[in-house]
Amino acid sequence: TEWAAVELFRNAFRHDMGGDELHVNASVADRWFTFCIREPKAGEIDPTQWMQPLQKLSHGHYSLGLRRARNIITAHGGELTASFDPGSRMLISTISLPCSTEMS
């Protein structure tokens, strides 16, 4: 799951951030760990393209990283979601994973 979170960061820095900073939040509530990245974007983003590999090819980049990240998170019982908020021009990517809050 660490690889999936790193891929979100890698993707954020690879594409135009709209000249602003990333906002990152991690929390645990109701037995769920949530990791959220909010990225300012210069243009409109369509997160549904995440599941369409090989759309934009460049040297060493085949648009497979986010697809792989989603599959890793799903395999661990979690969910990777993305949405674009046009009002704030933010791409909001969220990893949610089940977790135990019990101390061992």
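Is phenylalanine 9 buried, exposed or partly exposed? Phenylalanine 9 counts as partly exposed, at a relative accessible area of 28% (buried means under 20%, exposed over 50% and partly exposed in between, using a 1.4 Å probe and protein chains only).

This is a predicted model, in which local features need pLDDT of at least 70 and side-chain atom pairs count only at pLDDT 80 or more, while totals for chains, interfaces and linings use all residues. Residues are numbered from 1 along each chain as its sequence is written, and side-chain values use heavy atoms, with hydrogens and water left out.

**View 1. The overall fold follows the pattern α-β-β-α-β-β along the sequence.** Two helices and four strands make up this pattern (DSSP runs numbered from the N terminus: helices are H or I with at least four residues, strands are E with at least two). Of the 104 residues, 33% count as buried.

View 2. Phenylalanine 9 belongs to helix H1 (residues 2-14) and phenylalanine 35 to strand S2 (residues 32-40), so the pair ties together parts 26 residues apart in sequence. Phenylalanine 35 is buried, at 12% relative accessibility.

**View 3. Threonine 94 sits in strand S4 (residues 90-98).** With 15% relative accessibility, threonine 94 counts as buried. Leaving aside residues up to four places away in sequence, threonine 94 touches Thr34, Phe35, Cys36, Glu79, Leu80 and Thr81 (contact means heavy atoms within 4.5 Å).

**View 4. Glutamate 7 and arginine 10 form a salt bridge.** Their closest N and O atoms are 2.8 Å apart (a salt bridge is a side-chain nitrogen of Lys or Arg within 4 Å of a carboxyl oxygen of Asp or Glu). Glutamate 7 and arginine 10 are three residues apart in helix H1, so about one helical turn separates them. Glutamate 7 is buried at 5% relative accessible area, whereas arginine 10 is partly exposed at 37%.

**View 5. Glutamate 39 and lysine 41 form a salt bridge.** Here the closest N and O atoms are 2.9 Å apart, and both residues, glutamate 39 and lysine 41, are buried.

**View 6. Arginine 68 places its charged end over the ring of tryptophan 3.** The distance to the ring centre is 4.1 Å (a charge sits over a ring if NZ of Lys or CZ of Arg is within 6 Å of the ring centre and within 35 degrees of the ring normal).
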